[in-house]
Amino acid sequence: MNKDILILLSGGADSLTLLHKAHKDGYNVVACLTFEYGQIWKNELKYVKKQIKDFNIKYNKKVEHIIYKINFNQIGNSLLLKHLIHGRNVVFLSIAGGIAATLNAENIGMAATCTLDYDDGGKRVKFTYPDCSLNFIKKMQDTFNVAFETKINLYTPFAELMKQDVIKEGLKLGVNYKDSWTCMENGKESCMKCESCKARTEAFILNWEKDPAIKDWNKALYYYMEVDKIDK
Ligand SMILES: [Zn+2]
């Protein structure tokens with residue numbers, strides 16, 4: 001098995017952490033794959049380019065950036081594009097598998113994580129999207145094992161971690177979170193109010209750190225507490 005790896009890089013904090021963790025774990029990052037599928041695109045693409053540039057400088061690498069365009073409008077309701085596309089990792093990993101095989105990279109890194117959500121009783125519980133679950137990852141690995149002539153391993157070290165654990169790992173690795181984008185809104189700066197912003201703020205709070213991507217941290221804390229209060 002070679003240690004060459006293709007990383008799915010979205011511009012967000014989780015996949016940025018994965019990029020650095022893969023390097024630390026001894027993988028040779030040969031390329032990063034970013035999907036353009038109608039999401040709030042400009043910010044994410046800007047950050048992803050900066051993340052790869054910084055990674056290359058920091059570790060003296062020449063990581064290739066592959067941008068793959070998909071039109072999900074032809075699959076589902078375009079209203080879903082902003083927030084969630086059901087089962088999108090099936091599509092993403094299938095394409096990534098083909099690209100990894102072409103690159104002769106025997107590993108694919110994906111930043112699947114757990115998150116917090118509310119159950120029927122209003123209690124906060126650990127939650128995993130179906131296409132980020134351990135079961136999904138195992139089944140995709142089984143599929144890869146029969147679909148490709150060469151071995152392709154899925155590297156998903158965050159699959160059982162919460163966002164705050166991922167950030168904790170990244171802070172230890174010296175990841176520069178200033179150059180990452182998590183917000184679901186298309187503003188010049190993060191809105192600090194949407195679900196993604198709220199989860200990210202919470203992850204930094206739990207690590208006793210300020211999010212370096214947020215200029216006004218007090219405002220982010222205010223929005224976090226307000227939104228949290230409403231939810232409860
Ligand atoms: Zn936001």
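**View A. What covers the buried residues of helix H4.** Helix H3 (88-103) and strand S7 (153-155) are among the elements that cover the buried residues of H4; here, covering rests on contact, meaning C-beta atoms, placed from the backbone, that lie within 7 Å. This is a predicted model, in which local features need pLDDT of at least 70 and side-chain atom pairs count only at pLDDT 80 or more, while totals for chains, interfaces and linings use all residues. Residues are numbered from 1 along each chain as its sequence is written. Helices (H or I, at least four residues) and strands (E, at least two) are DSSP runs, numbered from the N terminus.

View B. Which residues of H4 are buried? They are Phe136, Met140 and Phe144, where buried means 20 or more other C-beta atoms within 10 Å of the residue's own, exposed means 12 or fewer, and partly exposed is in between, with C-beta atoms placed from the backbone. These three cover an arc of only 75 degrees around the axis, so they sit on the same side of H4; the arc is that of the directions from the helix axis to the C-beta atoms. On the other side, Asn135, Lys139, Asp142, Asn145 and Val146 are exposed.

**View C. An open sheet of five strands.** Follow the order S3-S2-S1-S4-S7, with parallel pairing; two strands pair if DSSP finds at least two bridges between them. Strand S3 (64-69) and S7 stand at the edges with a single partner strand each, so one side of each has no neighbour in the sheet. Strand S1 (residues 4-8) and strand S4 (residues 107-109) pair in the parallel sense over three bridges, and Ile7 has Gly109 in S4 as its bridge partner.

**View D. Leu19 and the largest nonpolar core.** A nonpolar core is a set of buried Ala, Val, Leu, Ile, Met, Phe, Trp, Tyr and Cys residues joined through C-beta atoms within 7 Å. Among the 50 residues of the largest one, Ile5, Leu6, Ile7 and Leu19 touch the most other members. The largest share of this core, six residues, comes from strand S2 (residues 28-36). Leaving aside neighbours within four places in sequence, Leu19 is in contact with Ile7, Leu9, Val29, Cys32, Gln51 and Phe55.

**View E. Val175 in its loop.** Look for Val175 in the loop between helix H5 (163-173) and helix H6 (195-205). Is Val175 buried or exposed? Val175 is buried, because 23 other C-beta atoms lie within 10 Å. Leaving aside neighbours within four places in sequence, its contacts are Leu16, Thr17, His20 and Gly170.

Key. Contact = placed C-beta atoms within 7 Å.
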